[in-house]
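The questions below go through one protein chain. Try each one on the structure before reading the answer.

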Amino acid sequence: MFRITNEPIGLLEAIGAVAGRDRGAVATFCGVVRDHHRGKPVVGLEYHAYAPMAERLFAEIAGEAAHRHPGTDVAVIHRVGALRIGDVSVVVVAAAAHRAEAFAACSFVIDEVKARAPIWKREYFQDGVVWIEGPDGCGPAGR
């Protein structure tokens, strides 16, 4: 399961996509919109993505995780659009026979998604708006 969505993310759906009778460990990461960035209060944000490429990259990164940690299966769901403080913006779930592999795969995948996926964040503050750079150093306005 590799998806960009405008809808709230269902953690249980992602877990169900990778859990199995042969997998005794399921590790999850949920990214949640926080109320501050670099000492400034955040009032909301928007995510934008080039969905077809992002979903392909999610699958590629999951394949890399499975190569590093055989028997691991991964799901990645990232939300786009306007989000409020406390909303879940991204979910990564990794399932494996043992916890060490599940934790390692989950950590690897979220780090690579943040570094490589064509997803950009626009943060809203009380006194302005700022684009947070994407993996290529620019936001969607710079394309």
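Q: Across which strands does helix α3 lie, and at about how many degrees to β7 does it run?
A: This is a predicted model, in which local features need pLDDT of at least 70, side-chain atom pairs count only at pLDDT 80 or more, and totals for chains, interfaces and linings use all residues. Residues are numbered from 1 along each chain as its sequence is written, and side-chain values use heavy atoms, with hydrogens and water left out. Helices (H or I, at least four residues) and strands (E, at least two) are DSSP runs numbered from the N terminus, and angles, from 0 to 180 degrees, are taken between N-to-C directions of axes fitted to C-alpha atoms, for helices over the stretch in contact. Helix α3, residues 99-116, lies across β2, β5 and β7, and its angle to β7 is about 145 degrees.

Q: Which helix lies across β1 and β5?
A: Strand β5 covers residues 73-79. The helix that lies across β5 and β1 spans residues 51-68 and runs at about 150 degrees to β1; it is α2.

Q: Why is one side of β1 and of β2 left without a neighbour in the sheet?
A: Two strands pair if DSSP finds at least two bridges between them. The open sheet has four strands with mixed pairing, in the order β1-β5-β7-β2. β1 (2-5) and β2 (25-32) stand at its edges, so each has a single partner strand.

Q: In which sense do β2 and β7 pair, parallel or antiparallel?
A: Strands of a sheet pair through backbone hydrogen bonds, in one sense or the other. Strand β7 takes in residues 88-96, and eight bridges join it to β2. One of the bridges has Ala25 with Ala96 of β7 as its partner. The sense of the pairing between β2 and β7 is antiparallel.

Q: How many disulfides does the structure hold?
A: A disulfide is a covalent bond between the sulfur atoms of two cysteines; here the cut-off is a pair of cysteine sulfur atoms within 2.5 Å. For Cys30 the nearest cysteine sulfur is that of Cys106, 8.7 Å away, and Cys30 is in no disulfide. Cys106 is in no disulfide either. The number of disulfides in the structure is zero.

Q: Which class of accessibility does Cys30 fall in, and which does Cys106?
A: Buried means under 20% relative accessible area, exposed over 50%, and partly exposed in between (1.4 Å probe, protein chains only). Cys30 has 33% relative accessibility, so it counts as partly exposed. Cys106 has 5%, so it counts as buried.

Q: Is Ile4 buried or exposed?
A: Ile4 sits in strand β1. Contact means heavy atoms within 4.5 Å; beyond residues up to four places away in sequence, Ile4 touches residues including Ala54, Phe58 and Ile119. Its relative accessibility is 15%, so Ile4 is buried.

Q: What is the relative accessible area of Ser89?
A: Ser89 belongs to strand β7. Leaving aside neighbours within four places in sequence, its contacts include Ile9, Tyr47 and Leu83. Ser89 counts as buried, and its relative accessible area is 4%.

Q: What is the radius of gyration of the chain?
A: The chain holds three helices and nine strands. The radius of gyration is taken over C-alpha atoms, and the globule rule is 2.2 Å times the number of residues to the power 0.38. For 143 residues the rule gives 15 Å, and the chain is close to this, so it is as compact as a globular protein of that length; its radius of gyration is 16 Å.
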